[in-house]
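Trainee: Could we go through this model together? I would like to begin with the overall fold and then move to the details.
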Amino acid sequence: MEKKTRHYEFEGAVFDIPMFYDERMGRYIEEYRNFNENPAWTADGYPITHSVEDACPWGEWDNPSRCNDCGSCRFYSPIAAHTRIGVCRQEKRMRANKKCSQEEKPN
Ligand code: SF4
């Protein structure tokens with residue numbers, strides 16, 4: 001099966017996402033990379049994430065009973081309807097704060 005990628009350019013971020021063909025769904029699907037291990041940022045320094053990524057300690061939810069992933073966090077901003085990729089608008093996770101990690105706890 002032919003290898004495909006989807007090219008993204010938004011807010012100064014530029015990267016390709018590989019896609020694989022899902023036989024059951026009958027279409028190509030994005031294969032998301034681990035943005036914690038291989039990060040990308042917007043030009044302003046906001047980190048790129050995807051909606052099913054596990055929540056970080058700085059996440060906040062309007063509805064606490066929902067699943068705690070990036071997609072349910074109030075700082076998550078999807079970039080388009082066809083993808084789960086989005087931008088995290090939490091200032092504590094911006095590139096200038098590179099010391100942030102999943103292990104650190106907010107004050
Ligand atoms: S603050 Fe950002 S990284 Fe943390 S859970 Fe919310 S969207 Fe995800």
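Predicted model: local features only at pLDDT ≥ 70, side-chain atom pairs only at ≥ 80, totals over all residues.

Trainee: How many helices and strands does the secondary structure come to?
Mentor: The chain has zero helices and six strands.

Trainee: Which strands form the open sheet, and in what order?
Mentor: Three strands form this open sheet, in the order β1-β2-β3, and their pairing is antiparallel. The edge strands are β1, covering 4–10, and β3, covering 27–30, and each of them pairs on one side only.

Trainee: By how much are neighbouring strands of this sheet turned against each other?
Mentor: On average by 35°, with direction ignored.

Trainee: Over how many bridges do β2 and β3 pair?
Mentor: Strand β2, residues 13–22, pairs with β3 over four bridges, in the antiparallel sense. As for individual residues, the bridge partner of D22 is R27 in β3.

Trainee: Where is E11 placed?
Mentor: E11 is in the loop between β1 and β2. Phi of E11 is near 50°, which is a positive value in a residue other than glycine.

Trainee: Why does E11 count as partly exposed?
Mentor: E11 counts as partly exposed because it has 13 C-beta neighbours inside 10 Å. The class covers residues between the two cut-offs, exposed at 12 or fewer and buried at 20 or more.

Trainee: Turning to the interior, what share of the chain do buried residues make up?
Mentor: Buried residues make up 16% of the 107 residues in the chain. The largest nonpolar core has ten residues: W41, Y46, I48, C70, C73, F75, Y76, I85, V87 and C88.

Trainee: Which strand gives the most to this core?
Mentor: Strand β6, residues 85–88, does, with three residues.

Trainee: What is V87 in contact with, leaving aside its neighbours within four places in sequence?
Mentor: V87 is then in contact with E11, T42, Y46, I48, S77 and I79. For the chain, residues 24 or more positions apart account for 39% of the contacts with a separation of 6 or more.

Trainee: A last topic: which residues are around the ligand?
Mentor: They are T49, A55, C56, W58, G59, C70, C73, F75, Y76, C88, Q90 and R93.

Trainee: And how does this shell divide by class?
Mentor: The shell around the ligand has eight nonpolar, three polar and one charged residues.

Notes: Residues numbered from 1 in each chain as written. Near = placed C-beta within 6 Å. Nonpolar A, V, L, I, M, F, W, Y, C, P; charged D, E, K, R; others polar. Pairing = 2+ DSSP bridges. Helix = DSSP H or I, 4+ residues; strand = E, 2+ residues; numbered from the N terminus. Axes fitted to C-alpha atoms, helices over the stretch in contact; angles between N-to-C directions. Contact = placed C-beta atoms within 7 Å. Core = buried A, V, L, I, M, F, W, Y, C linked by C-beta atoms within 7 Å.
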